[in-house]
Amino acid sequence: MNQFSLAVAKIEMWFRAPSDAALGAIGTGFFYKCNNQSHLITNWHNVTGVNPETGQLLHSQGLIPNQLRVHYKRWTDESKTVVKSDHFDLPLYSENKALWFEHSSRQSVDVVTVPFNEPSPDWANTYINQADQEGRLTVYAGMDCYILGFPKDLFGAAFTPIWKRGSIAAEPYNSHPYYIDSATRKGMSGAPVIVRHSGILKFGDGALSGSDVIGTVERFVAIYSGRIGDDELGAQLGRAWQVSVLDDILTLATAGEHPIG
């Protein structure tokens, strides 16, 4: 199984009260490790239920999620060759205090991290920043990429993600989100974006050298946060935040805020 597939999780946004529970939406998250702490990475709009650009509530009944259900993988045999899907619930608030961290510019960057503890000794997921990847792989306009998520709640075996193919649709610019050319759908918000290159990857001039790579290499480069516009058949462009935004979130640890104060 691809190492990046094992880093991705289907998530459900729930509103739970003492006498009631309602599922708000389906989305995507992925696992990241920093200073021995596990984090779930997803979008700000997933944990708040608010459109970060308009401030409007996303749920038709105005529900604001207070819990995530996270679908993860665990080993079912001692040889660690077979995985099974399971889930754990991750609260978003404690005494009305948000338990996630967001960017220092708040919802201007639609990415959050939610700390958690591995729920089982049989934990089989990988952490995306610990996956074997080629960090020297440069992102450029027209490059192939894949968004790993759950479009319209579709998934592979054991809740593994769908690899939606796309391309980098504009010249990359530091601190600016990538534009992704792909027919993405609801349920993919919070998905990691992986770039892939097959063939010869040269890092020097002239003849091949010992630093060049021959084969297929991959790299995690961004966090997808939704289509531009509401028309599924429109421009078919998505927005994906460069992975560098995680440095701000994990270093500054800006505590999240309840979306209605």
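A residue counts as exposed when its relative accessible area is over 50% and as buried when that area is under 20%, with partly exposed in between. Keep those cut-offs in mind as you click through this predicted model.

**Stop 1**

Select E53 to begin. Its relative accessibility is 60%, so E53 counts as exposed.

**Stop 2: R74 and D86**

Because R74 is in strand β4 and D86 in strand β5 (residues 83-91), the pair ties together parts that lie twelve residues apart in sequence. Colour D86 by accessibility and you will find 24%, which means it counts as partly exposed.

**Stop 3: E257 and R106**

Move on to E257 and its salt-bridge partner R106, whose closest N and O atoms are 3.1 Å apart. E257 lies in the segment after β16 (254-255) and R106 in the loop between β8 (101-102) and β9, so this pair ties together parts 151 residues apart in sequence. E257, at 46% relative accessibility, counts as partly exposed. R106 counts as partly exposed too, at 26%.

**Stop 4**

Select K10, E12 and D153 together to see residues linked in a network of salt bridges. How many salt bridges does the structure hold? The total is eleven.

**Stop 5**

Finally, switch to cartoon view and pick strand β3, residues 37-42. Is this strand largely enclosed or largely open? Five of its six residues are buried, so the rest of the structure largely encloses β3.

On one side of the pairing list is strand β2 (residues 20-34), which joins β3 in the antiparallel sense over five bridges. Zoom in on K33 to find S38 of β3 opposite. The hairpin of β2 and β3 has two residues between the strands, and N35 there takes a positive phi near 55°.

The other partner to display is strand β9 (residues 112-116), which runs antiparallel to β3 and is joined to it by five bridges. Centre on H39 and look across to P115 in β9, which stands opposite.

Notes: Residues numbered from 1 in each chain as written. Predicted model: local features only at pLDDT ≥ 70, side-chain atom pairs only at ≥ 80, totals over all residues. Heavy atoms only, no water. Buried < 20%, exposed > 50% of the residue type's maximum accessible area, 1.4 Å probe, protein only. Helix = DSSP H or I, 4+ residues; strand = E, 2+ residues; numbered from the N terminus. Pairing = 2+ DSSP bridges. Salt bridge = Lys/Arg side-chain N within 4 Å of Asp/Glu carboxyl O.
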